[in-house]
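Here are a few exercises to work through with the structure open beside you. Try each task before reading its solution.

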Amino acid sequence: MKIYNTLTKKKEEFVPIEPGKVRMYVCGPTVYNFIHIGNARPMIVFDTVRRYMEYKGYEVNYVSNFTDVDDKIIKKAVEEGVDANVISERYIAECKKDMASLNVRPATTHPQATQEICGMEEMIRTLIEKGYAYAAEDGTVYYRVRSFKDYGKLSHKNLDDLEGGKRSLLVSGADQKEDPLDFVLWKPKKEGEPSWTSPWGEGRPGWHIECSVMSKHYLGDTFDIHAGGEDLIFPHHENEIAQSEAANGCTFARYWLHNGFITVDNEKMSKSLGNFFTVRDIAKHFPYEVIRFFILNGHYRSPINFSDELMKACQNGLERIKNARKELNFYIKNVADTKMTAEEAAKEAELNGYKEQFEAAMDDDFNTADAVSAIYELVRFSNTEIKAGASKEFAEKIQDM
């Protein structure tokens, strides 16, 4: 099995740290609203990766978090006049409903950031002690980006380029920073915000430290696969590497997988453009299973375009597969109990070839687009053999495929 590693920018043979076992972390959503089609793509893609790993015989420890403390959650809570945890718990529950409808299996563990604060404080203390972080006078803790010599190795950015574009990186309180590139590990409490006691005062963690700590807690200092959307490569995943490898003194994750963007009618999805769709919006017009099938019809690293026309084509394609299965099952139930003919025995290699074609596609960086093509070929074969009056034994072999 070969997978494309964002870290090395090439396909590599997948070799797990521990034979027969895979430890995998996928960045989950920030829970302040219903999930949109962009959120759904990594959920579906990496659920499929997990399932295929299990199909290949691996035991998979699959961890995907919920970010349940964030500015957007706080803003929504203020608008509704409720505590932030009311918003996060509501939308965690709604997210799980959508995931179930999309046939996304629950993770081995779904950690929540607010339940891991102690670990975040511990990692921040370690970073300060090692000289990778410092506390400002107001209680904000920053990470010294230049102290980590490999910063930029995932996004393939260099510090000189980042320095040149530093205006876009400046944030509130930048005058306290030693360097404009430094990012926040801990931020002091503001009025009305949720907060926790820490050595630096009342406050809450920065976003990046959350995933570093949750992955460490459930998967260890070094694990096999870290995955998420392409938009997370920089700065989120880059900062996770800097934090984790500085604190733990070892490689963070060995393989980095990132799914591509979704456009809507060839335009970037945006509320301002009026083309922002939640999964539930789409499910009013197309079944959830069609949404999943649409996502898997493209290679996970490629951008895909969402449109009614493409969704209808996927719906028709899925119906073709389901109808072929129904017809095959009906045929087997009603045909006489007959043995394979010599002609059918000669076709068995062709039948087995579809499985080999499917596995070859999936083994080549989880190419679901080509894997779906193999399934269509099997459908065509099945329909042809039934029409020709296949023996029950041969029809059952097709069914087992």
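**Exercise 1.** Work out how much space lies in the second largest pocket of this predicted model, and which elements line it.

*Solution.* Start with the volume: the second largest pocket holds about 1100 Å³ of space. Now go element by element: two or more lining residues come from each of H1 (37-55), H9 (288-296), H10 (308-334), H11 (342-363), H12 (368-387) and H13 (392-400). Of these, H12 gives the largest share, 8 residues. Finally, sort the lining by class: 20 residues are nonpolar, 5 polar and 7 charged.

**Exercise 2.** Decide how helices H4 and H6 are oriented where they meet, and name the residues in contact.

*Solution.* First find the helices: H4 spans residues 117-129 and H6 residues 207-219. Their axes come within 9 Å and cross at roughly 105 degrees. Angles of 65 to 115 degrees count as roughly perpendicular, so H4 is roughly perpendicular to H6. On the H4 side, the contact uses Gly-119, Met-120, Met-123, Ile-124 and Leu-127. H6 contributes Ile-209, Glu-210, Ser-212, Val-213 and Lys-216. By class, the contact residues are 6 nonpolar, 2 polar and 2 charged.

**Exercise 3.** Where does pLDDT stay under 50, and what is its mean over the chain?

*Solution.* Begin with the whole chain: the mean pLDDT is 95, and 97% of the residues reach 70 or more. Then turn to residues 165-172, where pLDDT stays under 50. The model has 8 contacts beyond four places in sequence for this stretch. Where pLDDT is low, predicted coordinates should not be read in detail.

Definitions and conventions:
Residues are numbered from 1 along each chain as its sequence is written. This is a predicted model: local features need pLDDT of at least 70, side-chain atom pairs count only at pLDDT 80 or more; totals for chains, interfaces and linings use all residues. Side-chain values use heavy atoms; hydrogens and water are left out. On a 1 Å grid over the protein atoms alone, a cavity is a set of points where a 1.4 Å probe fits but cannot get out, and a pocket is an open set with protein on both sides within 12 Å along at least five of seven lines; lining residues have an atom within 4 Å of a point. Grid points are joined across faces, edges and corners, and a volume is the space filled by probe spheres set on the points. Helices (H or I, at least four residues) and strands (E, at least two) are DSSP runs, numbered from the N terminus. Ala, Val, Leu, Ile, Met, Phe, Trp, Tyr, Cys and Pro count as nonpolar, Asp, Glu, Lys and Arg as charged, and the others, Gly among them, as polar. pLDDT is the predictor's confidence in each residue, from 0 to 100. Contact means heavy atoms within 4.5 Å. Axes are lines fitted to C-alpha atoms, for helices over the stretch in contact, and angles run from 0 to 180 degrees between N-to-C directions. Angles under 35 degrees count as roughly parallel, over 145 as roughly antiparallel, 65 to 115 as roughly perpendicular and the rest as oblique.
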